[in-house]
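I open this notebook to record what I looked up in the structure shown below.

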Amino acid sequence: MAVRATVEALLRERKLDRTLTSAIPERLGEDAVSPLDVDALDLALAGLTGPQRGLAGGLPRGQVSEVVGPASSGRTGLLWAALAAATRRGESVALIDTFDRFDPPTAAACGIVLPRLLWVRGQAVSKTAVAIDPAWLPGVRAVNGPGTFVERVIDRAIKSLNLVVQSGVCTLVAIDLIDVPATALRRLPASTWFRIERAIEGSDTAVVILAAQSVARSSGGRSIVMGTGRPSDPGSRLPAPGIVWKGEHDRTRRLGGVRSGAAVSAARWSHARQVAVHTRFVHAV
Amino acid sequence: MFAALCAPSISAAAIIDVARAFTPRFEQVGPLVLLDAGGLSRLFGNAQELGAHLSQALAKHTADAACPERDPRQVARAEGRVEARVAIASTQTAAALLALGRPGLTVVEPGQEEQALAPLSVSVLDRYEHLTGSLRPQAASSKPQAASPDAGSGWHHPRHTHHASRPKPRAQDNRRLDILTKWGIRSLGALAAIPGPEVFERLGDGGLQWQALARGVDARPLVPWVDEVPFEAALELEWPIEGLEPLSFVLARLFEPLSERLEQADRGAAVIHTALRLTTRRVHARTLPLPAPMRDAKTLRTLVLLDLETHPPDAPIDTVRVFIEPTPGRVVQWTLLERAQPAPEQVSTLIARLSALMGETHVGSPQLVDSWKPGAFEMAAFQVSDRSASAANDRDGETSPTLAPETRASEGAPAVPTAPRGEHAEVPNAMRRFRFPIPTRVQVQEGRPIRVNTDRQGFSSGAIVDAAGPWRTSGEWWQEGQAWDRDEWDVAMTDGTIYRLVVERGVGQWFLEGIVD
């Protein structure tokens with residue numbers, strides 16, 4: 001223990017302490033994480049295999065995490081669960097909605113306290129794939145400068161994210177990049193995320209990137225890859241992944257949810273933690 | 001040792017004046033004034049003598065106020081009419097209850113509080129609770145100095161404005177007193193004699209608090225009043241200054257100590273009055289109301305300078321005087337168990353910047369509307385609010401018509417999906433809604449969609465594996481241009497994507513409205 005304390009002190013002196021001391025699971029307390037209030041996922045995010053007394057899991061604060069996965073894998077539902085848990089705790093959260101896909105009635109039915117949500121709506125663009133200039137560099141030029149409409153929308157979303165994290169108003173900030181074309185995501189410079197990471201370092205703000213494919217993650221952040229199918233545990237009694245329908249007759253048939261899986265990984269983990277995820281369809285008209 | 005003063009015929013301000021003449025450490029509790037009498041024996045003698053002094057001072061002060069001509073006969077008559085109640089005990093609770101329950105002077109020896117309180121009626125506790133509970137809501141106004149009844153005397157108590165320490169208002173009729181009366185417990189002695197656990201079992205925490213009061217035990221320490229000095233500063237310049245740049249240095253010198261004092265007093269500036277005496281002997285006065293209480297010296301200086309930039313003085317400045325109207329400091333952290341709320345300045349700055357970037361209608365908080373129209377919402381201003389936000393949302397959750405019956409009723413649970421403590425994680429399904437639904441071509445067989453074709457890249461086309469529907473909704477047919485009449489389908493594609501398809505019944509056009517994600 002004495003050696004560890006010495007090492008921690010030395011790291012703190014060189015401002016390297018967050019990479020080792022704050023992010024290890026043993027140090028994750030209530031202040032360091034933003035729990036999702038979903039036991040299995042919170043434990044997996046903390047790197048734990050079973051509940052341990054006095055330890056809480058969740059998305060690490062002061063870090064950039066990401067939630068990725070294919071369509072209908074529960075990726076957006078997972079983010080909403082995090083937003084709902086944070087707003088129920090009384091925290092203010094922000095959602096940078098690049099292409100204006102957020103649905104408030106369903107979100108309220110899922111438990112998000114809407115008055116505590118800062119919703120930054122981008123432009124509702126549905127045709128995103130063919131509107132990228134090959135020479136475009138996201139975040140480099142002025143938001144009102146030349147370029148296609150979609151490029152300007154993405155630029156504005158990134159700048160909005162910067163403004164929100166720098167203000168320190170919200171404790172959970174999410175950016176929805178799901179419909180951003182892969183070409184545009186690849187062109188986002190790494191410094192974009194370094195800047196975000198630097199802005200929230202040491203603060204109680206957690207940033208989550210929601211995307212179709214992996215974008216970025218800070219050293220202490222988590223990657224949650226949805227839609228990985230059945231957990232690797234061969235003895236699992238869980239049903240096979242797939243879409244769940246309720247009702248036997250055509251007229252009573254309704255969507256129940258999706259059985260899927262999530263792989264949670266972090267920089268210091270040797271392997272990803274597999275979690276079975278069941279989404280539950282919440283119908284709001 | 002504590003003394004309690006009470007005189008029903010005298011105003012609280014008059015009693016405070018009397019208390020002030022004896023000690024600077026006193027506190028007002030309704031019409032009662034509690035004094036910390038520790039250390040007064042060297043000036044006024046023992047407790048009995050101190051009590052006599054207090055009674056006499058109370059009577060004399062009242063008589064002087066009633067007879068400004070100071071006619072000795074009238075003064076003596078007025079002194080005789082004053083019903084002064086003075087109690088001295090080693091706890092403030094015992095002193096207060098005795099002053100409420102017994103007329104005249106009562107002095108209790110240390111350790112004898114319980115015996116002295118025993119004969120008093122239980123209704124004294126109700127009265128005492130009423131006094132302590134009814135005093136605080138009076139200070140709920142935004143400007144407590146003006147609203148306070150003793151504002152004119154220049155006194156201001158921090159607890160009057162401390163929202164966090166304010167308890168809930170007392171209920172109209174005290175059920176606890178009725179219960180005790182039905183039990184036949186009429187005196188404080190009888191209440192104090194009941195074993196504590198049994199009181200707790202039957203009356204809860206409130207019962208235990210009453211029993212502690214009946215035994216003369218203090219629930220909290222005395223919180224003395226504090227003086228409030230006006231937040232004012234002035235600087236007479238040796239040489240007149242022209243222009244705003246040199247004035248900024250002068251303002252910084254004035255605002256920095258004021259800002260420190262505001263912080264020490266837990267106050268913020270609500271209004272800044274700036275008076276510039278010019279070389280022409282005129283006074284250029286400006287009043288700047290602030291949107292939110294603030295006390296940062298640089299911010300205050302900048303705001304005043306910006307105001308003076310738009311309304312500059314027409315001559316060199318000779319003297320600068322600033323006066324700050326204080327207001328209670330913001331409570332940014334309500335309890336130790338909650339996170340601190342961000343400052344309103346931060347929020348308003350962020351919203352202004354985001355609005356400039358994204359457009360005003362694209363920044364805010366969504367708000368549900370009273371409509372069955374799918375996806376209906378409106379934007380409201382984002383505010384970092386306190387618990388009222390959750391209360392409002394809870395109400396929404398209980399009464400919102402937008403929740404499907406399967407979410408509310410069939411599960412027998414609130415709208416919030418709960419995560420089970422199982423080996424799998426349960427999260428809700430989100431709906432990613434396209435604000436402008438995408439027109440699609442749908443092949444229908446026996447009334448059910450079997451194939452979807454869309455030209456948009458990034459969206460699945462092909463056979464539908466399974467479908468649920470139609471969910472038919474219509475509404476607002478009575479408003480032109482607002483009506484909708486449609487069928488919804490939830491369809492699963494071969495790649496696992498779940499779409500929400502909509503067919504507009506009037507025109508028969510299919511749309512891709514969203515993705516269940």
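Predicted model: local features only at pLDDT ≥ 70, side-chain atom pairs only at ≥ 80, totals over all residues.

Entry 1

Entry 2. I looked up how many residues each chain gives to the contact. I found 73 residues from chain A and 72 residues from chain B. I then listed the elements that give two or more residues to the side of chain A that touches chain B; among them are helix 3 (39-45), helix 4 (75-88), helix 6 (149-167) and strand 11 (273-280) of chain A. Helix 4 of chain A supplies the largest share of that side, seven residues. Sorting the residues of the side of chain A that touches chain B by class, I recorded 40 nonpolar, 18 polar and 15 charged.

Entry 3. I turned to the strands. Strand 11 of chain A pairs with strand 14 (residues 424-428) of chain B in the parallel sense, over five bridges. I also noted that A:Arg280 stands opposite B:Pro428, in strand 14 of chain B.

Entry 4. How do the axes of helix 6 and helix 8 of chain A cross? I found that the axes of helix 6 and helix 8 (residues 190-200) of chain A come within 9 Å and cross at roughly 15°. Helix 6 and helix 8 of chain A are therefore roughly parallel to each other. I recorded their crossing as left-handed.

Entry 5. I looked up the residues that make this helix contact. Helix 6 of chain A contributes residues including A:Ile158, A:Leu161 and A:Val165, and helix 8 of chain A contributes residues including A:Arg195, A:Ile196 and A:Ala199. By class, I recorded six nonpolar, three polar and one charged residues in the contact of helix 6 with helix 8 of chain A.

Key. Residues numbered from 1 in each chain as written. Chains lettered and ligands numbered in written order. Contact = placed C-beta atoms within 7 Å. Helix = DSSP H or I, 4+ residues; strand = E, 2+ residues; numbered from the N terminus. Nonpolar A, V, L, I, M, F, W, Y, C, P; charged D, E, K, R; others polar. Pairing = 2+ DSSP bridges. Axes fitted to C-alpha atoms, helices over the stretch in contact; angles between N-to-C directions. Parallel < 35°, antiparallel > 145°, perpendicular 65-115°, else oblique. Left-handed = near helix turned anticlockwise from the far one by under 90°.
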